[in-house]
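Please consult the sequence and the structure shown below while reading.

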Amino acid sequence: MKLLNINHITKIVFAVGLFTFSQNAKAQQAQEENFWNKVSFGGGLGIGFGSNYTNIVIAPSAIYNFNEYFAAGLGLQGSYVRDKNFYESYMYGPSLIVLGNPIPEIQLSAELEQLRVNVDYDDELQFKDDNFWNTALFLGIGYRTNNITLGVRYNVLHDSDKNVYSDALMPFVRVYF
């Protein structure tokens with residue numbers, strides 16, 4: 001029996017190591033591809049104009065679809081509202097969303113939203129500017145078709161004295177791609 005020299009041993013160890021590394025890299029790549037296949041992006045854009053009134057909202061979000069029944073994700077919201085000769089407001093903050101689909105056409109949702117609100121009143125009104133955090137917990141239900149959901153949500157933490165939303169009940173359109 002012939003003994004292997006150090007050069008042959010080095011080549012064998014290198015080949016085995018390379019094979020092991022490539023198999024591990026393929027498994028990680030497959031896992032990463034599987035992760036991104038389950039991520040959906042969406043959110044909302046809004047713009048409203050009226051008599052001396054402007055409202056602009058940008059709210060991107062992303063969810064991870066754990067399976068056909070359950071998804072969860074994060075969102076951001078930024079908005080600008082101006083009512084000429086009355087106030088100007090900036091709102092921004094994160095949100096956490098959980099979606100449940102007991103059947104393909106029905107979507108249940110829970111959204112926890114934390115917004116920083118900065119309101120600057122017109123100097124002539126002599127109101128004190130207001131800066132505060134607004135927390136909302138929306139529970140909702142909607143009709144889903146493909147990647148679009150139309151529904152209604154209710155803010156269980158709504159406080160009419162200190163809230164950025166005029167009503168606890170709000171309609172929504174949710175789109176994810």
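Glu111 forms a salt bridge with Arg153 (a salt bridge being a side-chain nitrogen of Lys or Arg within 4 Å of a carboxyl oxygen of Asp or Glu), and the closest N and O atoms of the pair are 3.0 Å apart. This pair links distant parts of the chain, with Glu111 in strand β5 and Arg153 in strand β7 (residues 148-155), 42 residues apart. Strands, runs of E of at least two residues, and helices, runs of H or I of at least four, are taken from DSSP and numbered from the N terminus. Glu111 also forms a salt bridge with Arg174, the closest N and O atoms being 2.9 Å apart. Here too distant parts of the chain are linked: Arg174 belongs to strand β8 (residues 169-176) and Glu111 to strand β5, 63 residues apart.

The model is predicted: local features need pLDDT of at least 70, side-chain atom pairs count only at pLDDT 80 or more, and totals for chains, interfaces and linings use all residues. Residues are numbered from 1 along each chain as its sequence is written, and side-chain values use heavy atoms, with hydrogens and water left out.

The count comes to 2 salt bridges, tabulated here.

| Salt bridge | Closest N and O atoms |
|---|---|
| Glu111 and Arg153 | 3.0 Å |
| Arg174 and Glu111 | 2.9 Å |

Are Glu111 and Arg153 buried or exposed? Both are buried, where buried means under 20% relative accessible area, exposed over 50%, and partly exposed in between (1.4 Å probe, protein chains only). Glu111 counts as buried because its relative accessible area is 12%. Arg174 is buried as well, because its relative accessibility is 7%.

Turning to nonpolar packing, a nonpolar core is a set of buried Ala, Val, Leu, Ile, Met, Phe, Trp, Tyr and Cys residues joined through side-chain atoms within 4.5 Å. The largest has 10 residues: Val81, Met91, Leu115, Val117, Val119, Phe132, Ala136, Phe138, Tyr165 and Met170. Two or more of these residues come from each of β5 (106-121) and β6 (130-145). Apart from this core lies another, of 5 residues, including Ile63, Ala71, Ile97 and Leu99. With contact defined as heavy atoms within 4.5 Å, Val119 touches Tyr87, Glu88, Ser89, Asp129, Asp130 and Asn131, residues up to four places away in sequence not being counted.

At least two of the patch residues are supplied by each of β6 and β7. Leu157 lies in the loop between β7 and β8 and counts as partly exposed because its relative accessibility is 41%.

Ile56 is placed in strand β2 (residues 53-65). The C-alpha atoms of Ile56 and Tyr80 are 5.2 Å apart, although 24 residues separate them along the chain.

For the protein as a whole, the secondary structure comes to 1 helix and 8 strands, running α-β-β-β-β-β-β-β-β from the N terminus. Of its 177 residues, 27% count as buried.
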